[in-house]
Number of protein chains: 2
Amino acid sequence: MQFKDIKVTDPFWTKYRDIVKTKLIPYQWSVINDDKDIAIEKENAGAYDAVEKSHAVENLKIAAGLVKGHFYGFWFQDSDVYKWLEAVAYALRYAPDAELEGIADSLIDIIAQAQEPDGYLDTYIQIEAPTHKWTHVSLSHELYVMGHYIEAGVAYYQTTGNQKALAIAKEMGDCIDANFGPEENKMHGYPGHPEVELALAKLADETGDAKYTRVAKYMIDQRGTHPNNFFEEQLKNVQTKKIEDPYFGDASQPDPDAPYFQNDVPVRDMQSAEGHAVRMTYLLTGMAHVARQTGDESLMAACQRLWEDITQRQMYVTGGIGSSAPNGEAFTFDYDLPNDTAYAETCASCAMAFFAKQMRDGRQDADYGDVLERELYNGTISGMSLDGEHFFYVNPLEVDPEASAKDPMKSHVKVQRAAWFGCACCPPNLARLVASVDQYIYTVTDDAIYADQFIGNETTFDNGVTIAQSGNFPWSGEVTFQVRAAGSVDTILAIRIPAWSRHNYQVTVAGKPYAGVLDHGYLKIKQTWSGTTTITVSLDMSVQEIHADHRIKDDVGKVAIQRGPVVYALEEADNGKHLQANSVAADAQFTVTEDNSTFAVPTVQLTTTGTHTDAATVPGTLYGASATVLTHAQPLVFIPYFAWANRTPGEMMVWVYQH
Amino acid sequence: MQFKDIKVTDPFWTKYRDIVKTKLIPYQWSVINDDKDIAIEKENAGAYDAVEKSHAVENLKIAAGLVKGHFYGFWFQDSDVYKWLEAVAYALRYAPDAELEGIADSLIDIIAQAQEPDGYLDTYIQIEAPTHKWTHVSLSHELYVMGHYIEAGVAYYQTTGNQKALAIAKEMGDCIDANFGPEENKMHGYPGHPEVELALAKLADETGDAKYTRVAKYMIDQRGTHPNNFFEEQLKNVQTKKIEDPYFGDASQPDPDAPYFQNDVPVRDMQSAEGHAVRMTYLLTGMAHVARQTGDESLMAACQRLWEDITQRQMYVTGGIGSSAPNGEAFTFDYDLPNDTAYAETCASCAMAFFAKQMRDGRQDADYGDVLERELYNGTISGMSLDGEHFFYVNPLEVDPEASAKDPMKSHVKVQRAAWFGCACCPPNLARLVASVDQYIYTVTDDAIYADQFIGNETTFDNGVTIAQSGNFPWSGEVTFQVRAAGSVDTILAIRIPAWSRHNYQVTVAGKPYAGVLDHGYLKIKQTWSGTTTITVSLDMSVQEIHADHRIKDDVGKVAIQRGPVVYALEEADNGKHLQANSVAADAQFTVTEDNSTFAVPTVQLTTTGTHTDAATVPGTLYGASATVLTHAQPLVFIPYFAWANRTPGEMMVWVYQH
């Protein structure tokens with residue numbers, strides 16, 4: 001059973017998707033075509049130095065032979081174009097736009113011309129280093145960029161029926177299948193940056209051709225096996241300059257065995273999430289998808305183990321993952337989640353959402369929806385300003401502008417979103433997630449419709465049921481489902497009760513209270529549906545003071561303020577400087593106020609009376625006995641975390657002290 | 001008025017000085033002579049990579065023409081020898097040792113042979129780069145190493161009367177005076193690493209020759225003036241490889257105007273302590289000494305302003321200064337005192353003690369003695385293990401071995417003291433401080449004897465008074481002064497009442513309570529002394545929970561446990577893992593126990609019943625509402641901070657949560 005048609009009617013996401021369609025997509029198109037005079041300041045450029053231009057479309061035109069010139073940008077620059085195209089594919093579903101579709105069609109024509117006869121397409125290699133084709137897959141991102149095209153091509157075909165878009169993807173898949181595999185005449189390798197695995201799995205879903213799954217599974221199975229001549233030799237060739245590549249020849253390269261590449265052990269032996277966070281979660285997304293396609297239980301078990309490791313030991317309350325900048329945008333160790341040096345890349349949160357979806361599709365457990373919800377309302381959308389034209393690469397949970405300016409350990413922590421990045425992975429990743437958020441609402445099985453997210457929508461299912469879900473989530477916990485059945489339909493409607501409300505919620509079916517034991521976090525309503533049945537869900541929207549596991553050092557003695565799925569923060573714009581001097585009582589009373597004026601989207605503001613320490617010591621002394629502590633009651637204003645840094649730059653703090 | 005003779009009888013310092021004399025001095029001698037097979041492990045090597053040998057004495061022998069060979073080590077390696085010699089000079093005062101004196105005399109013979117006819121001595125330049133003499137004073141440390149010799153030579157002459165030791169120092173001073181100054185034929189420069197200024201001031205005190213003060217003052221006055229051709233040209237010459245020096249030619253050098261060198265503004269215009277912490281405090285020590293020698297009030301005002309900046313805004317509760325590793329062992333900005341990434345170099349704490357002494361000699365204020373006491377009982381001696389053979393370069397206030405191993409931002413934070421360092425500045429610096437601690441006890445003016453430190457001693461003063469001070473400080477607050485006068489003597493005995501006891505102390509004179517208004521923190525007993533008068537002082541030795549200024553982010557919600565001047569810490573060896581999960585009540589009762597068995601020195605242990613959080617969330621979840629917090633009462637054992645890391649390596653924490 002599948003669903004045919006889904007229309008998002010949700011006020012929150014309609015607004016965000018409108019920003020993506022009307023602002024972010026045109027903005028990114030102008031950027032990747034170098035039509036925009038982007039004011040990139042070095043100090044706001046994120047993980048990499050600023051660039052003067054993107055050149056990403058131009059690279060494709062050069063590879064296509066349409067213009068002459070040299071490649072410019074990072075060696076994975078192509079992916080900026082493909083992720084934009086994928087976002088367009090999703091956006092056209094909710095906002096048809098013939099002009100935009102025409103632009104995208106023309107872009108696909110260029111991509112087709114750039115593609116080599118064997119299906120290969122990587123503009124850096126084709127333009128600058130054709131002899132390096134497949135010679136340094138451990139570093140080159142050739143498979144990464146083709147994976148991103150495959151995702152885009154499949155999505156664009158699904159939306160528009162553009163056959164060329166799909167054909168390019170299939171040819172790429174065929175090329176990869178022709179070059180990688182266990183056969184003697186193929187390369188026994190896999191990419192240094194996973195991505196293609198999840199893309200090939202999507203291509204298999206669309207085409208029904210299992211060979212794409214087979215080559216994805218081969219790469220997954222081969223990864224981390226030792227001795228591993230392919231991967232290690234490739235890195236060695238670069239290190240010893242056997243490959244004189246301008247990008248890689250001089251760089252000091254990571255140890256091939258280091259967990260950075262997820263290459264230290266075979267994937268089924270991994271006990272914890274290690275290394276570069278986006279690499280890890282893209283790999284896991286592909287693993288979970290392939291495990292489901294192939295019924296590979298040991299692979300699924302590895303996915304589940306690493307899922308639990310990330311979500312139970314290595315994730316910020318905002319959903320951010322990969323806490324370390326100096327380790328290389330990486331996971332570190334259990335409970336190491338510093339707030340003021342957090343990395344928590346926007347891409348990693350997006351990738352965690354992708355991983356959550358693949359796990360969700362394989363297993364009926366509300367845990368996946370809970371984590372996805374944490375990502376959707378916090379650590380992903382925090383990566384974009386509410387004007388749709390400024391972006392965070394890094395999503396800290398605590399910011400002091402003076403520290404960002406003066407402390408090299410915090411130089412990656414920006415106080416303002418940047419107009420663009422040299423390494424521009426994050427903005428289009430967020431665009432494609434938001435534009436496809438409809439795909440995360442329902443999971444359908446043979447006997448049930450699972451409502452995973454409270455995103456207002458109207459959806460028609462294959463079994464003849466139509467559901468209209470409405471409400472004002474995440475600001476209101478009152479959600480209504482109108483279930484309309486054509487004739488009478490036997491099915492289960494399973495509603496995820498979020499972890500934060502599982503102790504306190506009410507459901508009515510046709511006006512009568514409905515109670516049931518939750519099954520893995522879902523309330524299951526099994527009945528024969530006919531006509532229109534109204535179901536109401538009331539969730540616990542009280543303001544919660546959230547504690548962290550006591551092993552997270554930086555959160556001890558502190559609480560995060562959360563209401564529904566939304567994590568809140570203090571900002572200097574509302575609360576002045578020295579945010580750390582504020583504390584809230586364990587039983588603090590919060591006032592909940594709709595706020596339609598502060599930000600470009602409606603939010604809910606929380607206010608309470610906290611305690612501000614004016615002096616913990618005799619003024620002029622740094623340290624003193626406790627008799628000298630002076631405090632005053634101070635109104636505190638909390639805003640949703642995702643909305644921070646949309647006003648005058650200043651301090652921000654998620655975890656506040658509790659007294 | 002001066003004092004002739006001082007004998008330390010204090011149990012605490014006698015033990016430490018015994019370690020210095022019997023262990024540290026022989027150990028360091030064997031190291032600098034390459035006689036010791038030092039098990040230097042790279043991971044314990046501190047700020048610089050490990051070295052296989054010191055070679056420091058060998059460099060001098062090569063420069064002296066006694067053996068042939070190449071220079072080895074850092075370009076300031078000579079200073080390791082001189083600081084050892086200075087420690088020997090002080091140690092011989094409390095532990096005469098003909099054999100050691102003979103060794104030192106022979107070393108002085110070698111140094112004399114190594115010295116050039118014009119007084120110059122820098123073995124790196126002489127052996128490897130004679131054409132680079134004075135060509136890159138901004139980086140070379142030529143003046144730094146000569147300054148260290150001058151200090152050592154003066155001290156050794158004062159102890160032993162060795163004229164050659166003093167002659168070398170004077171010739172160096174003459175050489176510096178001949179080369180630096182306002183005259184046209186001299187260099188209008190000053191060193192990149194201040195040190196020589198304070199040494200020249202000491203040489204002026206000893207010789208009575210004001211020219212040494214004059215050249216020191218010239219360097220101080222010249223510093224930070226712009227345009228500044230000397231300093232900036234020198235750096236530029238190195239950067240542009242006009243000077244092809246193996247040490248400096250290839251290194252990327254700091255901006256000459258950057259505060260790192262204290263070269264951005266003239267010293268009298270400095271508003272806050274900036275840059276490399278040891279450079280800053282050595283400079284300040286010289287500035288305060290020269291200001292006193294010359295009666296320069298504007299210079300003294302700058303010293304006072306920077307003193308207040310450091311002690312009121314940039315100092316750890318342990319006395320550590322220079323909180324940043326990545327900024328270059330440097331000061332950062334106000335209230336930026338992170339515990340787990342602290343640098344707080346042992347040398348910087350020693351230098352702060354030197355600065356405190358120079359300020360104290362110029363001004364009658366207990367504040368200097370308070371800070372000195374904080375350094376003496378905490379952040380200086382923490383740099384040495386109680387076996388006298390292992391050392392910390394970095395003195396953190398919070399350590400997690402896993403973080404030190406896995407987090408590059410904490411890789412400088414060691415969990416065990418190292419056997420030696422490539423850059424071995426700290427061990428001999430601590431040795432000379434401990435060996436000369438007697439010099440910090442009294443300050444004598446025309447009309448008063450100021451008792452600054454509660455270090456047991458017997459001292460005869462020029463005015464005919466002898467004081468026997470006794471007690472068991474810092475473990476006991478009961479201190480007795482027996483004042484014996486030959487005939488009758490009119491003078492003031494001024495006793496510093498420490499800041500931590502100023503609200504609660506008792507003093508008796510000849511058995512009768514003595515009260516008086518404190519004058520800048522001193523209780524002044526003015527009388528005609530005759531015969532023997534017994535004075536008792538009772539200080540407040542209650543255990544205090546110390547708060548930090550609310551602007552120090554990392555200490556909010558926490559307290560440091562302090563008793564007398566000693567700051568305490570929790571160690572894993574006593575309290576298990578997850579120290580951050582412990583908290584103490586604001587009104588916690590502590591048991592105070594003498595402990596003669598845990599460490600190689602007697603200490604006092606503090607125990608209390610704290611609260612340990614077992615789970616702040618439902619097990620298996622990272623975040624949860626507060627209803628799920630589970631705690632148990634747990635005995636907590638606090639040990640003196642200076643004694644940490646003398647047992648099984650593990651976690652350590654100074655600032656603990658208060659509930």
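Predicted model: local features only at pLDDT ≥ 70, side-chain atom pairs only at ≥ 80, totals over all residues.
User: What makes strand S12 (residues 558–563) of chain B count as mostly covered?

Analyst: A residue is called buried when its relative accessible area is under 20%. In S12(B), 6 of the 6 residues are buried, so the strand is described as mostly covered.

User: How do you know which faces of S12(B) are covered?

Analyst: One side carries Lys558(B), Ala560(B) and Gln562(B), and the other carries Val559(B), Ile561(B) and Arg563(B). Every one of these residues is buried, and both faces are covered.

User: Why are S11(B) and S12(B) said to pair?

Analyst: Pairing requires at least two bridges between two strands. Strand S11 (residues 543–548) of chain B and S12(B) share 4 bridges in the antiparallel sense, so they pair. Within this pairing, Val543(B) has Arg563(B) as its bridge partner.

User: What makes S20(B) and S13(B) partners of S12(B) as well?

Analyst: Strand S20 (residues 655–658) of chain B joins S12(B) over 3 antiparallel bridges, with Lys558(B) opposite Tyr657(B). Strand S13 (residues 566–571) of chain B joins S12(B) over 2 antiparallel bridges, and the requirement is at least two, so this also counts as pairing. Here Arg563(B) has Val566(B) as its bridge partner.

User: Which residue takes a positive phi in the hairpin of S12(B) and S13(B)?

Analyst: Gly564(B) takes a positive phi near 60 degrees, in a hairpin with 2 residues between the strands.

User: How do you know what residues 449–541 of chain A are called, and what is their helix and strand content?

Analyst: The name comes from an unreviewed UniProt entry, which annotates the span as "domain: Non-reducing end beta-L-arabinofuranosidase-like GH127 middle". In the model, the span is 0% helix and 63% strand, and its end C-alpha atoms lie 25 Å apart.

Conventions: Residues numbered from 1 in each chain as written. Chains lettered and ligands numbered in written order. Heavy atoms only, no water. Buried < 20%, exposed > 50% of the residue type's maximum accessible area, 1.4 Å probe, protein only. UniProt positions renumbered as here; feature names shortened; annotations may be inferred.
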